[in-house]
Amino acid sequence: MDKPKISIITVSYNAVKTIEQTIQSVVNQAYDNIEYIIIDGGSTDGTVDIIKKYEDKIAYWVSEPDDGIYDAMNKGIDIASGDYIYFLNDGDQFYNKNTIQMFFEQLGDIGLYILCGRIIQTDYNLLLMRCYGGKLSCRQILEGYMPPHQGMFIPVRLAKKYKFDTTYKIAADFDLLTRLLVDKIEIKFLEDIVAFHEENGISGAICNQEQLYKEYKNILFGLGNKKAIKQFLSRYKKNKIKNIFLEILPQICIVFLKKKNGWETFK
């Protein structure tokens, strides 16, 4: 089998402190059939200067205003010409230089299915990390359980057909996945670790949880699954209470609670 071409897209904005580690994580991959695309939102802090340092290793890059992260990601989808598309956004890094090679050497064919691996989720504020992700059924996902999109490779043909709905500002990745599953697109789950992802991103920030849950609720209402909506609202109430406590607890208590839930200190 010919090696599938992997279109890797990095979306960035004023990311001068972290963009270089993300770029190096891509350009140092051992896999030799990568199309690297960077969509920058018009950074003014020196991010573009760093991108230019690596432009001989980048298939396409642009720096211009956009209408949010999902608009920028859709721009990347429009440019992509590979077999699979993967988003490694600013601050994220591949697990190691052999990640893509190890991931795709397991495939016997290239099909219209989603590939989903695991990620290492990090909390740099508390110096904690956990391995996140694992096999979920279609039913579980359609009830609001989202596998880590940082571990997900989607066929480019499907990405171009479905794209992100930019009316969602935080949960468009969940919306895209549910639309794919409703149309009977298969997910293949692999145990490999794909990337390091910082927990405190746009959807992970406590200040954005209300918006995140509103968008999830709208998506689930659109699916018409009353049982899933009821279960989701119950989880939302519990998470809301948990987030209130996280805002007032001292750091040492948060570390303790996270370790009780599977987080570990950096090794």
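Buried here means under 20% relative accessible area. By that cut-off Tyr216 is buried, because its relative accessible area is 12%. Keep in mind that this is a predicted model.

**Around Tyr216**
- Tyr216 sits in helix 8, which covers residues 209-223.
- Leaving out residues up to four places away in sequence, Tyr216 touches Gly144, Met146, Ala171, Phe174 and Phe232.
- Ile229 is 13 residues from Tyr216 in sequence, and their C-alpha atoms are 9.3 Å apart in space.

- In soluble globular proteins, nonpolar side chains tend to be buried together.
- The largest nonpolar core here has 44 residues, and the members touching the most other members are Ile85, Ile114, Ile154, Phe164, Leu177 and Ile187.
- Helix 7 (residues 172-182) gives this core its largest share, at six residues.
- There's also a second, separate core of 27 residues, with Val26, Tyr31, Ile58 and Tyr113 among them.
- Setting aside residues up to four places away in sequence, Ile85 touches Ser7, Ile9, Ile77, Ala80, Met152, Phe153, Ile154, Val156 and Ala159.

**Helix 1 and its cover**
- Helix 1 runs over residues 19-27, and its buried residues include Ile19, Thr22, Ile23, Ser25 and Val26.
- Looking down the axis of helix 1, the buried residues fall within an arc of 155 degrees, so they line one face of the helix.
- As background, an α-helix has 3.6 residues a turn, so residues three or four places apart point the same way.
- The cover over the buried residues of helix 1 includes strand 1 (6-12), strand 2 (34-40), helix 2 (47-53) and strand 5 (93-94).

**Arg179 in helix 7**
- Arg179 is found in helix 7, and it counts as partly exposed because its relative accessible area is 26%.
- Not counting residues up to four places away in sequence, Arg179 touches Tyr162, Lys163, Phe164 and Asp165.
- For a sense of scale, Arg179 and Ile50 are 129 residues apart along the chain, with their C-alpha atoms separated by 36 Å.

**Salt bridges**
- Side chains of opposite charge can pair when their charged atoms come close.
- Taking a side-chain nitrogen of Lys or Arg within 4 Å of a carboxyl oxygen of Asp or Glu as the cut-off, the count comes to nine salt bridges.
- Glu20 and Lys53 make one of them, at 2.7 Å from N to O.
- That pair links distant parts of the chain, with Glu20 in helix 1 and Lys53 in helix 2, 33 residues apart.
- Glu20 is partly exposed at 22% relative accessible area, whereas Lys53 counts as exposed at 53%.
- Lys57 and Asp56 meet in another salt bridge, at 3.7 Å from N to O.
- In that pair, Lys57 is partly exposed at 47% and Asp56 is exposed at 62%.
- Glu191 forms a salt bridge with Arg118, the closest N and O atoms being 3.5 Å apart.
- Glu191 lies in strand 9 (residues 186-198) and Arg118 in strand 6 (residues 113-123), so this bridge ties together parts that are 73 residues apart in sequence.
- Glu191 counts as exposed at 56% relative accessibility, while Arg118 is partly exposed at 22%.

**A nonpolar surface patch**
- Tyr124, Leu127 and Phe266 make a nonpolar surface patch of about 270 Å².
- Phe266 comes from the segment after strand 10 (264-265), and it counts as partly exposed at 30% relative accessibility.

**Positive phi values**
- Asn14 isn't a glycine, yet its phi is positive, near 45 degrees.
- Asn14 is placed in the loop between strand 1 and helix 1, and it is partly exposed at 32% relative accessible area.
- Lys184 is not a glycine either, and its positive phi is about 70 degrees.
- Lys184 belongs to the loop between helix 7 and strand 9, where it counts as exposed at 74% relative accessibility.

Definitions and conventions. Residues numbered from 1 in each chain as written. Predicted model: local features only at pLDDT ≥ 70, side-chain atom pairs only at ≥ 80, totals over all residues. Heavy atoms only, no water. Patch = residues over 30% accessible without salt bridge, like charges linked within 9 Å, V, L, I, M, F, W, Y side chains within 5 Å. Areas by Shrake-Rupley, 256 points an atom, 1.4 Å probe, with all protein chains shown as cover. Helix = DSSP H or I, 4+ residues; strand = E, 2+ residues; numbered from the N terminus. Buried < 20%, exposed > 50% of the residue type's maximum accessible area, 1.4 Å probe, protein only. Contact = heavy atoms within 4.5 Å. Core = buried A, V, L, I, M, F, W, Y, C linked by side-chain atoms within 4.5 Å. Arc of directions from axis to C-beta.
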